[in-house]
Amino acid sequence: MNFSDIYFKLRCIIFTRRCRYCKTVVDVRKDVCPQCENEIFKIYGDICFRCGCSLKECTCKKKASLYARVCAPYYYKGAAKRAVTRLKFYNDPYMAETLAQDMAECFKTHYGEMDFDICTFVPSHKAEIKNRGYNQAQLLAEKLSEILGIPCKPLLYKTIPTKPQHTLDETMRAGNLLGSIVINPEFETKLQDTRILLCDDVKTTGATLNECTKTLLINGAAEVDCIAVCVAHKEKKEL
Ligand SMILES: [Zn+2]
Ligand SMILES: [Zn+2]
């Protein structure tokens with residue numbers, strides 16, 4: 001056994017490495033488990049800023065939105081879906097740090113030339129925060145703001161608990177949120193002409209991002225651009 005073998009064995013004993021997406025134990029030389037490695041669905045190349053999908057995979061027909069742009073590093077499946085599920089449903093707030101690193105890379109690719117005044121997040125109702133222990137979109141925004149150096153502020157407030165968006169079909173999603181997202185009174189007069197970066201975990205139809213954007217624009221924001229960890233999208237063959 002040579003020195004590097006001994007060193008490797010020692011590292012294995014001292015450190016347990018876990019997959020950055022699903023947290024199963026992996027070889028100490030790796031970041032990602034074999035299953036996740038095969039299922040990383042990154043969004044590459046030029047994207048459609050209406051839906052966040054790559055231009056090749058866009059099926060939104062440039063559907064109108066109130067937000068100016070949306071981008072995300074991943075499609076909502078495979079490794080990234082497992083990571084978001086851990087963050088949302090398995091009490092793993094530390095996952096926000098990993099995912100914010102990936103969002104920061106995506107930000108640099110698509111929004112790198114833009115100047116933002118404030119970074120904010122899709123709000124959760126206080127009952128939802130009590131249940132989960134945190135608002136996952138807030139954790140992502142806070143970590144992302146640390147990396148990018150854009151101040152993170154809680155601009156929005158959710159007045160009533162709504163049904164989880166993923167339990168509803170597309171037509172019910174917009175109505176479900178109507179009027180539930182309001183401005184945090186502390187920032188009511190402070191958004192004039194600001195450019196805002198709005199964070200969420202998963203962008204599905206865009207109804208939540210639109211509702212948040214509407215409130216920000218009504219309160220004086222000049223433009224809202226969105227960033228999420230994942231974009232859920234219907235593949236062309238499923239349509
Ligand atoms: Zn994994
Ligand atoms: Zn599109």
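**Terms and their grounds**

Mentor: Lys23 is located in the loop that links strand E1 (17-18) to strand E2 (25-26); helices (H or I, at least four residues) and strands (E, at least two) are DSSP runs, numbered from the N terminus. This is a predicted model, in which local features need pLDDT of at least 70, side-chain atom pairs count only at pLDDT 80 or more, and totals for chains, interfaces and linings use all residues. Residues are numbered from 1 along each chain as its sequence is written, while chains are lettered from A and ligands numbered from 1 in the order in which they are written.

Trainee: Why does Lys23 count as partly exposed?

Mentor: A residue is buried if 20 or more other C-beta atoms, placed from the backbone, lie within 10 Å of its own, exposed if 12 or fewer, and partly exposed in between. Lys23 has 18 C-beta neighbours inside 10 Å, and therefore counts as partly exposed.

Trainee: Is Asp193 buried or exposed?

Mentor: Asp193 has 9 other C-beta atoms within 10 Å, so this residue is exposed. Asp193 sits in the loop between strand E7 (181-183) and E8.

Trainee: What is the phi of Lys23, and what is that of Asp193?

Mentor: Lys23, although not a glycine, has a positive phi of about 70°; Asp193, also not a glycine, has a positive phi of about 60°. Most residues other than glycine have a negative phi.

Trainee: What makes E9 paired with E8?

Mentor: Two strands pair if DSSP finds at least two bridges between them. Strand E8 (residues 195-203) and E9 have eight bridges and pair in the parallel sense, with Leu198 opposite Cys226 in E9. Strand E3 (residues 69-71) is joined to E9 by three bridges, again in parallel, and Arg69 stands opposite Asp225. Strand E4 (residues 74-75) has two bridges to E9, also parallel, and Tyr74 has Cys230 as its bridge partner there.

Trainee: How do you know that E9 is mostly covered?

Mentor: Of the nine residues in strand E9 (residues 223-231), eight are buried.

Trainee: Which residues have the most contacts inside the largest nonpolar core?

Mentor: They are Ala72, Leu140, Cys199, Ile227, Val229 and Cys230, in a core of 65 residues. A nonpolar core is a set of buried Ala, Val, Leu, Ile, Met, Phe, Trp, Tyr and Cys residues joined through C-beta atoms within 7 Å. Beyond its neighbours within four places in sequence, Val229 is in contact (C-beta atoms, placed from the backbone, within 7 Å) with residues including Ala72, Tyr74, Leu99 and Leu140.

Trainee: Why is the radius of gyration said to agree with a compact globule?

Mentor: The radius is taken over C-alpha atoms, and the globule rule is 2.2 Å times the number of residues to the power 0.38. For 239 residues a compact globule would have a value near 18 Å; the protein chain has 19 Å, and therefore agrees.

Note on methods:
Two residues are in contact if their C-beta atoms, placed from the backbone, lie within 7 Å.
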